[in-house]
Amino acid sequence: MSETKIDTKAGTKKLFIKTYGCQMNVYDSERMAESLGGSGYTEVSSPEEADMILLNTCHIREKAAEKIYSELGRYKDLKLANPDLKIGVAGCVAQAEGEEIIRRQPMVDLVVGPQSYHKLPQLEAKAGKGVKALDTDFPEEDKFEHLKARPKAKRAPAAFLTVQEGCDKFCAFCVVPYTRGAEVSRPAERVLSEARDLVERGVREITLLGQNVNAYHGAGEGGTWGLARLIRELAKVDGLERIRFTTSHPNDMEDDLIAAHGDCDKLMPYLHLPVQSGSDRILKAMNRKHTAEEYIRLIERIRAARPDIAMSGDFIVGFPGETDQDFEDTMSLVREVGYGSAYSFKYSPRPGTPAAEKDDKMVDADVASERLHRLQELITEQQHAFQDAMVGREVSVLFERKGRLAGQMVGKSEYLHAVHVTDDVAVGEIARVRIIESGPNSLAGVVLR
Ligand code: SAH
Ligand code: SF4
Ligand code: F3S
């Protein structure tokens, strides 16, 4: 089939994308959908109506990876009913398992790793009717340059923008350095031009993304720019009102980035800074390369620059060799820091990682579950306390969408709380709001005019 033939049918084929894992996958899915738009696909919201199903997958924990196979199993009937249906697997499972996916699930037509998304249109054209298309290379080019939106559709007010990918840290438990490859930063000018383009399309808040976003070191005017410089330049973009970034590593929290939290008005007072454990012994075994004390001192410095900052983190319980005392150290660290929100996970051994070889030191599953439960209770308590403390306060809210109830509008505060109001505000508007109530997962407020 010729290229022109595909083009004349532009928009007639239907694409269903299901996204798992982190925000970087959300961003990648958006880019892939936009790029497949050029091959005549429009996005639909159910697999039943699709001509192509694309799963953008996550390999971080075993459960996440196994979910993909059960999801694929569900598409069997669709594929039998429509042999022209193309099924693709993208993302970190695609990278980690490659051809193995096709062996386990032969109805998969296409497997594409995160660094090869710019080749998606060619792979899509090749795949189908028994022909398998596979690409899990790590090429030396900026895939996002090839994944530009056409046509330039209007965007929701809050957007993600990937500025850095991959990781060189090799924490003992983590697959990311293997699935996403080495740390690479996009050139600053490309990030700035993508940001300007997003703003033209209606975006007012950008969250800069990277597996280690604060290790950003992109080529920029006059040399290499760190994340702080990039944020300061982004802050000059008219119409861009809010900047966030995630995820950060404590060891890359440089002085200028801490300072930016104090003096850059557009940088929001919320910081996701995973520590994983409060025990120095476990931190060492995890290859995190810092102590619990150093993390706590770092947060003190960040809070000195921006006293009202909401801290967030990630924790792993049941890492091989974790004793009751190690776990209590994690609980103490959480009490000392006081998180606005935090995520906690039971350790999951991942193939190819150093920690997976310590299976003789595995923590009993029931003990790990009990620890996770206790940690999550403590985190939930802190989350609610932080949320409740907002009642009576004035916050700024970027309104993102209509709420479930009639007349309701929902947005995010600077601290990333979901806030709903029943006042007359437009999507994309930033308004001052007085918080009047704290619910289980969101706040209610009234707009101050
Ligand atoms: N780059 C980020 C983390 C990416 S993965 C960082 O360094 O903070 C997101 C979170 O998943 C991690 O912070 C960790 O808490 C969790 N995680 C990663 N590997 C895991 C594993 N093998 N088992 C359980 N949780 C894991
Ligand atoms: Fe994984 Fe550690 Fe890299 Fe984060 S810093 S992506 S946890 S290896
Ligand atoms: Fe998962 Fe890959 Fe993100 S493993 S957490 S989708 S980088």
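The questions and answers below go through a predicted model of a protein with its ligands.

Q: What makes the pair between Asp 314 and ligand 1 a polar contact?
A: A polar contact needs a pair of N or O atoms within 3.5 Å. A polar side-chain atom of Asp 314 lies 2.7 Å from an oxygen atom of ligand 1. The value falls within the cut-off, so the pair counts as a polar contact.

Q: How do you know whether ligand 1 is buried or exposed?
A: Ligand 1 taken alone exposes 540 Å², and the protein buries 90% of that area. Two strands each give two or more residues to the shell around the ligand: E15 (310-317) and E16 (341-346).

Q: Which residues come nearest to ligand 1, and how is the shell made up by class?
A: The shell has 15 residues, of which Gln 211, Pro 274, Gln 276, Asp 314 and Ser 348 come nearest. By class, six are nonpolar, four polar and five charged.

Q: Why is Cys 22 counted among the residues around ligand 3?
A: A residue is near a molecule if one of its heavy atoms lies within 4 Å of it. Cys 22 is in the list of residues surrounding ligand 3, so at least one of its heavy atoms meets that cut-off. Cys 58 and Cys 92 are also in the list, as are Arg 180 and Gln 211. The shell has four nonpolar, four polar and one charged residues.

Q: What does UniProt say about Cys 22, Cys 58 and Cys 92?
A: An unreviewed UniProt entry places the feature "binding site" at these three cysteines. They are spread over 71 residues of sequence but cluster in space, with a largest C-alpha distance of 10.5 Å. Cys 22 itself lies in the loop between strand E1 (13-19) and helix H2 (23-37).

Q: What surrounds ligand 2?
A: The residues around ligand 2 include Cys 167, Cys 171, Cys 174, Phe 170 and Arg 288. The shell divides into seven nonpolar, two polar and two charged residues.

Q: Why is the peptide bond from Thr 246 to Thr 247 called cis?
A: The omega angle of this bond is near 0°, and the bond is cis. Most peptide bonds are trans. Thr 247 sits in the loop between strand E13 (242-246) and H11.

Q: How do you know that helices H11 and H13 are in contact?
A: Contact means heavy atoms within 4.5 Å. Asp 255, Ile 258, His 261 and Gly 262 in H11 meet Leu 298, Arg 301, Ile 302 and Ala 305 in H13, so the helices are in contact. Their axes come within 7 Å and cross at roughly 40°. By class, this contact has four nonpolar, two polar and two charged residues.

Q: Where does UniProt list the Radical SAM core domain?
A: The unreviewed entry lists this domain at residues 153-385. Over that span the chain is 38% helix and 18% strand, with end C-alpha atoms 40 Å apart.

Methods:
Residues are numbered from 1 along each chain as its sequence is written. Chains are lettered from A and ligands numbered from 1 in the order in which they are written. This is a predicted model: local features need pLDDT of at least 70, side-chain atom pairs count only at pLDDT 80 or more; totals for chains, interfaces and linings use all residues. Side-chain values use heavy atoms; hydrogens and water are left out. A polar contact is a pair of N or O atoms within 3.5 Å; within protein, one must be able to donate a hydrogen and the other to accept it, and residues adjacent in sequence count only if both atoms are side-chain atoms. Accessible areas come from the Shrake-Rupley method with a 1.4 Å probe; for residues, only the protein chains shown count as cover. Helices (H or I, at least four residues) and strands (E, at least two) are DSSP runs, numbered from the N terminus. Ala, Val, Leu, Ile, Met, Phe, Trp, Tyr, Cys and Pro count as nonpolar, Asp, Glu, Lys and Arg as charged, and the others, Gly among them, as polar. Axes are lines fitted to C-alpha atoms, for helices over the stretch in contact, and angles run from 0 to 180 degrees between N-to-C directions. UniProt positions are given in the numbering used here, feature names are shortened, and annotations may be inferred rather than shown by experiment.
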